Amino acid sequence: MFDFKYYTPTKVIFGKGAEAKTAELIKEFGGSRVLVHYGTGSVIRTGLLKKVTDILDNAGIFYVTLGGAVPNPRLGLVYEGIDLCRREGVDFILAVGGGSAIDSAKAIGYGAANDGDVWDFYENKRKPSGSLPIGVILTIAATGSEMIDSSVITKEDGLLKRGCNSDYCRPKFAIMNPELTMTLPDYQTACGCADIMMHTMERYFTCGGNMEITDSVAEGLLRTVMKNAKILVKEPKNYNARAEVMWAGSLSHNGLTGCGSDGGDWTPHKMEHEIGGLFDVAHGAGLAAVWGSWARYVYKDCLPRFKRFAVNVMGVENKGSDEEIALKGIEAMEAFYREINMPTNLRELGVDATDEQLSEMAKKCAQGVGGETGSAKRLKEADMLAIYKACR
Ligand code: NZQ
Ligand code: ZN
């Protein structure tokens, strides 16, 4: 077990009608001039945006709105948001939506509170020294961005998808009403479940410093998400299943399932970010597409963890060699992906990548991680290329 820091300052308001608390919470955290930031229109169609702006109107809180945060949110809109914040003297950003609107809001928050080009933070050239405070009304359970310290943005030039981590951007509050996720397309619900599970799996498959309590939480979380993801395939309006998945999404990525480990592996995420950058796929589906090939490539180097996962999470019988059990666990995970209509390779993801594109992704991925990455197994550019080829 390694030493660790656990810091989750976000105030969570969870349950039916929780968005009614929006104005109160903004005031509690000192907001008086608000940028309401959202995605490409779902919050208009569902009526949530109108509901929120009515709440702000009634509370006498000044606001401006900016929509347009696309899945894999773009740097161009971030610049636009920063200008708007400066022009209007914005002192609080309210993200209404999913990971894309939240991450875009975080980037705008950095840009408005720091001089220079905000992209420097995403290229790791400089560290931010502050951010405008952020609040969140979550509409999709997936990224955990509502509690985590990270933001992922795509730069149009070169289609570079990069993340920035700092405690400054951790949301002050997160409003989570599971009912708000009931309008999601089934595909997005499943993508969210895949992403939630992967945030814990990335932390689980390590070769360093594991801790029993953390493993138990992680395994329980994974079993819970699988069970409820399957329920949601048949009953998308099941409130309890929505609620279980939504809270799991936050717990999966707020650091809880990584306490005591070496920080996790994160190669599937790094590899997905290149797929998402180049082909603009939904993040969770991209993860599902790459995971099986990654797992088969690395499992022998992290055998005790893959065996434990197979038995404790996937319910594989503890019979046969460790390798056989581990492989059955990987197969069972892929069967689960199919059951919730997630892809298990690039073709099923709808990506028809050429050899050149796979090489480009492997190269960019290796560059982005400084040459090599991973805990289950250390991987370099050649390994990444082999995995991309295996999942084509
Ligand atoms: O854009 P709108 O119109 O809002 O539609 C969205 C979008 O099309 C729609 N949607 C969201 N809530 C809805 C809804 N449609 C109907 N009803 C609702 N209630 O769903 C689609 C996906 O939304 P998005 O915000 O893109 O999804 P998600 O939360 O999965 O965010 C994905 C982004 O977050 C990044 C991903 O890479 C991707 O760019 N990630 C951020 C992380 C972080 N900050 O820590 C970690 C993750 O690993 C991930 O990398
Ligand atoms: Zn993710």
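Me: How close are the N and O atoms of R305 and D215, and what do I call that contact?
Reply: The general idea is a salt bridge: a side-chain nitrogen of Lys or Arg within 4 Å of a carboxyl oxygen of Asp or Glu. R305 and D215 make one, with their closest N and O atoms 2.7 Å apart. The two partners come from distant parts of the chain, R305 from helix α12 and D215 from helix α8, 90 residues apart. Bear in mind that this is a predicted model, where local features need pLDDT of at least 70 and side-chain atom pairs count only at pLDDT 80 or more, while totals for chains, interfaces and linings use all residues. Residues are numbered from 1 along each chain as its sequence is written, chains are lettered from A and ligands numbered from 1 in the order in which they are written, and side-chain values use heavy atoms, leaving out hydrogens and water.

Me: Is R305 buried or exposed, and what about D215?
Reply: Buried means under 20% relative accessible area, exposed means over 50%, and partly exposed is in between (1.4 Å probe, protein chains only). R305, at 8%, is buried, and D215 is buried too, at 5%.

Me: Which residues join R305 and D215 in a network?
Reply: Salt bridges link E212, D215, E219, R305 and R308 into one network.

Me: How long is α8, and how do I judge its span?
Reply: Helices here are DSSP runs of H or I, at least four residues, and strands are runs of E, at least two, numbered from the N terminus. The expected span of a helix is 1.5 Å times one less than its number of residues. Helix α8 covers residues 212-234, 23 residues, and reaches 34 Å from first C-alpha to last, close to the expected 33 Å.

Me: Which residues of α8 are buried, and what do they pack against?
Reply: An α-helix has 3.6 residues a turn, so residues three or four places apart point the same way. The buried residues of α8 include T214, D215, A218, L221, L222, V225 and A229. Counting contact as heavy atoms within 4.5 Å, the buried residues pack against α7 (186-204), α9 (239-253), α12 (303-312) and α13 (322-339).

Me: How many salt bridges are there, and which one involves R162?
Reply: The count comes to 23. R162 pairs with E274, with the closest N and O atoms 3.0 Å apart. R162 lies in strand β7 (160-165) and E274 in helix α10 (267-279), so the pair ties together parts 112 residues apart in sequence. Both R162 and E274 are buried. D167 and R170 also form a salt bridge, at 2.8 Å from N to O; here D167 is partly exposed at 30%, whereas R170 is buried at 8%.

Me: How many aromatic pairs are there, and how do I read one?
Reply: A pair of rings is described by the distance of the centres and the angle of the planes. Rings of Phe, Tyr and Trp (its six-membered ring) pair if their centres lie within 6.5 Å; planes under 30 degrees apart count as stacked, over 60 as edge-to-face, and the rest as tilted. There are 16 pairs. F92 and F173 have centres 5.8 Å apart and planes at 15°, so they are stacked. They link distant parts of the chain, F92 in strand β4 (92-97) and F173 in strand β8 (173-176), 81 residues apart. For Y204 and F205 the centres are 5.4 Å apart and the planes at 80°, so that pair is edge-to-face. Both Y204 and F205 are buried.
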